[in-house]
Amino acid sequence: MTNAHKDLGTPFFIAGIGSLFLIFYITNVLGNRRFVTDLSAAIPGGLTFDALPTGPFAYLLAGFIVKVVSLAVSIWGVTAVLYRIRRGELFSRQSTKAASIAGYGLLGWLVGVLFEGMGDNFAARHLGIEQWASGSLINNSTMVIVWLLITLVFIVDMAIKRAVKLEEDVDGLV
Amino acid sequence: MDSYNFESMQIHCHLNELLEAKDMTLTDLSARVGVSVVNLSKLKNNHAKAIRFSTLVALCHVLDCEPGDLLTLQKADQTSA
């Protein structure tokens with residue numbers, strides 16, 4: 001195994017851990033038939049599918065689906081970039097596309113969070129809950145980290161695009 | 001004004017002839033100028049697309065020649081004698 005391959009072990013492992021967490025999230029929600037949101041802790045028994053009226057259920061389901069799909073897309077994008085690195089093709093059009101897709105996937109996750117937030121508010125009103133830890137993502141530093149990470153992904157995408165151009169410029173240069 | 005068809009011309013590298021004249025191998029040249037054998041081979045076979053001035057200076061110094069001895073402008077379909 002070359003040094004380059006050894007270096008890739010850690011990122012592949014981390015991407016694999018991310019995939020595992022996504023699977024845990026999906027099986028937790030679908031297996032227990034219960035949404036896991038900021039509102040969950042405020043309701044005895046949690047936000048079970050059966051206990052939710054149609055409106056909040058639709059929003060929460062939409063949020064869940066959008067989050068899962070966008071995270072899966074991001075994991076695919078990051079893994080695709082890693083495979084390109086393993087093939088010695090980091091500076092390629094396919095890599096930039098994969099990095100872009102990963103970045104947009106993370107933005108899609110934020111859309112899912114938005115739907116989930118709306119679903120929480122809707123459910124809280126229906127269930128008569130007035131005091132709960134709403135907007136926790138906005139009220140603490142978590143969103144700063146989220147936006148910085150998304151920015152980093154797009155920076156990586158820009159760096160790869162620039163490197164592709166530079167590589168084309170120096171191709172055949174002695 | 002006549003239009004000049006640049007694509008009909010190409011730079012031809014006479015590295016092979018200069019190496020023979022100096023009784024030097026590509027490997028020897030590579031060690032002396034600090035350019036890889038792969039890149040020198042590209043240059044020798046006219047597959048290089050660009051050359052750094054530093055490479056040109058090193059080659060001319062080691063081969064004791066001028067840039068015009070190493071590189072000439074020829075028609076694209078012209079073969080070297």
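By contact I mean heavy atoms within 4.5 Å. Please keep in mind that this is a predicted model.

I will start with chain B. On that definition, B:L29, B:R32 and B:V33 in helix α2(B) meet B:A58, B:L59, B:V62 and B:L63 in helix α4(B). Sorted by class, this contact has 6 nonpolar residues, 1 charged residue and no polar ones.

Now the geometry. Two packed helices are described by the angle between their axes and the distance between the axes. Here α2 of chain B covers residues 26-33 and α4 of chain B covers residues 53-63; the two pack at an angle of about 120 degrees, and their axes are 10 Å apart. That angle makes α2(B) oblique to α4(B). The crossing of these two helices is right-handed.

Next, the aromatic residues. Over all chains, a search of the whole structure finds 8 aromatic pairs. Take A:F12 and A:Y83. Their ring centres are 5.1 Å apart and the planes stand at 65 degrees; the cut-off for edge-to-face is over 60, so this pair is edge-to-face.

What does the pair tie together? A:F12 lies in helix α1 of chain A, residues 3-32, and A:Y83 in helix α2 of chain A, residues 54-86, so the pair ties together parts that are 71 residues apart in sequence.

Definitions and conventions: Residues numbered from 1 in each chain as written. Chains lettered and ligands numbered in written order. Predicted model: local features only at pLDDT ≥ 70, side-chain atom pairs only at ≥ 80, totals over all residues. Heavy atoms only, no water. Axes fitted to C-alpha atoms, helices over the stretch in contact; angles between N-to-C directions. Helix = DSSP H or I, 4+ residues; strand = E, 2+ residues; numbered from the N terminus. Parallel < 35°, antiparallel > 145°, perpendicular 65-115°, else oblique. Left-handed = near helix turned anticlockwise from the far one by under 90°. Nonpolar A, V, L, I, M, F, W, Y, C, P; charged D, E, K, R; others polar. Phe/Tyr/Trp six-rings, centres within 6.5 Å; stacked < 30°, edge-to-face > 60°.
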